[in-house]
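I opened my notebook today to go through one protein model, piece by piece. Here are my entries, in the order I looked things up.

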Amino acid sequence: MTSQGGFRHATAGEGGLKFHWCSPLDSGQQKASEKYATGQLDFDGIVDFAKEADELGVDSLLMGISYHMPDPLPMIGALVRETKNVKFILAYRPGLLSPTLFAQVVNTVSWMSDGRIALNLVAGISPVEQGYYGDFLKHDERYARSNEFLEILHRFWRGEKSVSFTGEHYRIEDAQLGLGYKGEGRPVIYLSGASEVAQKTAIEYGDCWLRYGDTPEGIARVTEPLLAQDTRVGIRMHVLSRDTREQALADLAEMMRDPDEDHKAWVKDFVGKSDSAAVQSSFTLADTAEGDWLSPMLYSGAVAYRGGPALCVVGSHQEVADYLYRYKAAGVSEFIFSGWPTRDEMRNFYTRVLPLVREHERNA
């Protein structure tokens, strides 16, 4: 389908639900309620993680971006040479690089990886953090810049040989790139954000609107405008499954034992200064939960320590598979998961839960 701006959405492809995983860009977290591990980079461990994801059949690894983590771009450049099939979703923020240079970098990685790169463009979630990088635009202005950024990228990836553009945020003249995207296509584009302007950007320039989790019923209430424009919907959340529900609840309790209250206070302060509708709404949603549960399957207690992505589907392998399949009827076609500890949970999900989801799809 072609969007209102003339940019063709990438089709979802054949098959069922897509399940991606979030790669640790630091040493990895063992518990949901502890502070972030910073100040070190276990690159050998990340390589091993990516290799196992490759062997497990993980569709893509999300490589996140934030000031407290290593930059994802050089990481992807190295990891594509260590893997064969798994794709990498590069999270990046318009404003850090010029659109011409960014297209050049992505095109280069596409050749290094045989096209195994996708984009998760994020306008920014914190004015304070944006200021670290010399960016002082307000929320809607950041999205206006993102639109210009994406318009230029699409023109490069449509094969224009000379690109000139004059906007409020970017001006380029007769821009040329000798190396196009491999296969003369472009990467799949995920657009994050919960605000109305974020959704418009996803419809106009993206392939998939990526948002934080909610119950299937809550998700269903907001997907229709996106789906009507052939924009896919994806969810970023956590998962914890065990052989029995009793074991899952016991491990959840252990994961939340002895929480770092100083870190919780830091997160609360960070959220208070955020101008992101996605961040604010995820905490508001968690506050409505009864006893930290939005539903019998959806645990919200870790959000206070880990933010919106920490909304967690908890239960037996079969219960988790059944619950995730309910999101398909709500319009969701993709998930990006994490877990604690994330490597163990990734292995658990792809070997124990995913086969049950595929069984649902075969029987539909």
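Which residues have the most contacts inside the largest nonpolar core? I found Phe19, Trp21, Leu61, Tyr327, Phe335 and Phe349, in a core of 102 residues. A nonpolar core is a set of buried Ala, Val, Leu, Ile, Met, Phe, Trp, Tyr and Cys residues joined through side-chain atoms within 4.5 Å. I noted that helix α13 (residues 342-363) gives the most to this core, with 7 residues. In soluble globular proteins, nonpolar side chains tend to be buried together.

**Ground rules.** I reminded myself that this is a predicted model, where local features need pLDDT of at least 70 and side-chain atom pairs count only at pLDDT 80 or more, while totals for chains, interfaces and linings use all residues. Residues are numbered from 1 along each chain as its sequence is written, and side-chain values use heavy atoms, with hydrogens and water left out. Helices (H or I, at least four residues) and strands (E, at least two) are DSSP runs, numbered from the N terminus. Buried means under 20% relative accessible area, exposed over 50%, and partly exposed in between (1.4 Å probe, protein chains only).

**Tyrosine 327.** Not counting residues up to four places away in sequence, Tyr327 touches Asp214, Thr215, Pro216, Ile219, Ile235, Met237, Leu298, Val332 and Phe335.

**Helix α10.** Which residues of α10 (residues 277-287) are buried? I wrote down Ala278, Val279, Ser282, Phe283, Leu285 and Ala286. They lie on the same side of α10, because they cover an arc of only 155° around the axis; the arc is that of the directions from the helix axis to the C-beta atoms. Their cover includes β8 (208-212), α9 (261-272), β10 (293-295) and α11 (303-306). At the N-terminal end of α10, I found serine 276 as a cap, with a side-chain oxygen 3.2 Å from the backbone nitrogen of alanine 278.

**A cavity.** I looked for cavities of 30 Å³ or more and the structure holds 2. For a cavity, a 1 Å grid is laid over the protein atoms alone, and a 1.4 Å probe fits at its points but cannot get out; lining residues have an atom within 4 Å of a point. Two buried residues of α10, Ser282 and Leu285, are among its lining, together with Tyr212, Gly213, Val303, Gly308 and Leu311.

**Helix α6.** Next I checked α6 (residues 196-205), and 7 of its 10 residues are buried. Those buried residues pack against α5 (139-157), β7 (189-192), β8 and α7 (216-228).

**Threonine 100.** Is threonine 100 buried or exposed? I found it buried, with a relative accessible area of 18%. Threonine 100 sits in helix α3 (residues 99-113), and beyond its neighbours within four places in sequence it is in contact with Phe156, Ile172, Ala175 and Leu177.

The peptide bond from tryptophan 340 to proline 341 is cis, with omega near -20°. Proline 341 is in the loop between β13 (332-338) and α13. Glutamate 184 is not a glycine, yet its phi is positive, near 60°; glutamate 184 is exposed, at 75% relative accessibility. Aspartate 230 also has a positive phi, of about 60°, and is partly exposed, at 45%.

Definitions and conventions. Contact = heavy atoms within 4.5 Å. Polar contact = N/O pair within 3.5 Å; in protein donor to acceptor, adjacent residues only side chain to side chain. 1 Å grid on protein atoms, 1.4 Å probe; cavity = no way out; pocket = protein on both sides within 12 Å on 5 of 7 lines; lining within 4 Å. Points joined across faces, edges and corners; volume = space filled by probe spheres on them.
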